[in-house]
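Q: Hey, I'm new to this one. Can you walk me through it?

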Amino acid sequence: MLLFDFLGYIMTTWGELMTPKAKKIIGICAVVTAVAVGGMIIWHVIVARRPFVFAGTLETTRVILTARVASDISDIYVTEGQMVTRDEALLRLRCDTYKILGRQIDNDYERARQLVKRGHMSQAEFDIMTRNKQDNDLKLDWCLVKSPLDGMVTTKFREVGEIVAPGMTLISISDPYDIWAYFYVPYEMLYQLHVGAPVTGFLPEANDRSFGGRIIKISDQAEFTPKNVQTRQERTRLVYGVKVKFDNPDLTLKSGMTIESTLINE
């Protein structure tokens, strides 16, 4: 008790001796110290314990259609940004050469069919005629380019009148509803993830609007962090790719956008 009484006496005496200005300065310092300590406690409890946020670039299923025969383009039925359905006509090639050849082959095929019935042509010769007809008919079918999926026309590479050769690009189609992103995670996190697990993504540009998703693939081989990661230290880390498909009912998500996720829903 004597010690506490002595300390109390010292503090009381010191307080009486201090000027009002000194007391004010000490009070301000005490408040600043309290705020700083409180801020550190809040950061440790809330920020330091917050799960790490991964970022991925959104991609969609994209199909690039190419010419299968050599010809000039006679018609283009779609424009960029237009929604199309599976088997919808996108573009037509003129294919005059195959049309002329087709008429001759059809006439030869009909004569051959009559001859083989009467026994004036061998079956082997008739099979060759049949094969030639089927080959030309197939090429004529290729002159009408159709969409292989429901989606959106993203790029129109050619214009009416251009001559194309087999393999040249014509139109690209993407499915904006089939959208996903790859996130690259360290090895020690893999045990917490599994295919089919629900994932929530956040779009920073839309006030962190959330989008539901699920993990559809986890890479079984480690790789270096992609080059677009900013720091050299992160780029040299070995990570595993986790593919997440997101729901996109109103087409807010678009290819090339960045989406963020903790990958673990708590």
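A: Helices (H or I, at least four residues) and strands (E, at least two) are DSSP runs, numbered from the N terminus. This is a predicted model, where local features need pLDDT of at least 70, side-chain atom pairs count only at pLDDT 80 or more, and totals for chains, interfaces and linings use all residues. Residues are numbered from 1 along each chain as its sequence is written, and side-chain values use heavy atoms, with hydrogens and water left out.

Q: What's the order of the strands in the open sheet?
A: The order is E5-E4-E2-E7, 4 strands with antiparallel pairing. Strands E5 (144-146) and E7 (163-164) are the edges, each pairing on one side only.

Q: How many bridges join E2 to E7?
A: 2 bridges, and E2 covers residues 71-76. Asp-72 has Ile-163 in E7 as its bridge partner.

Q: New topic: is Arg-158 buried or exposed?
A: Buried (under 20% relative accessible area; exposed is over 50%, partly exposed in between, with a 1.4 Å probe and protein chains only). Arg-158 has a relative accessible area of 18%, and sits in the loop between strand E6 (151-156) and E7.

Q: And which residues does Arg-158 touch?
A: Among them are Ile-73, Val-164 and Met-168, not counting residues up to four places away in sequence. Touching is contact, meaning heavy atoms within 4.5 Å.

Q: Which residues are buried in H3?
A: Tyr-98, Gly-102, Ile-105, Tyr-109 and Ala-112. The buried residues of H3 pack against helix H4 (123-142).

Q: What follows H3?
A: Gly-119, with a positive phi near 85 degrees.

How values were computed: Pairing = 2+ DSSP bridges.
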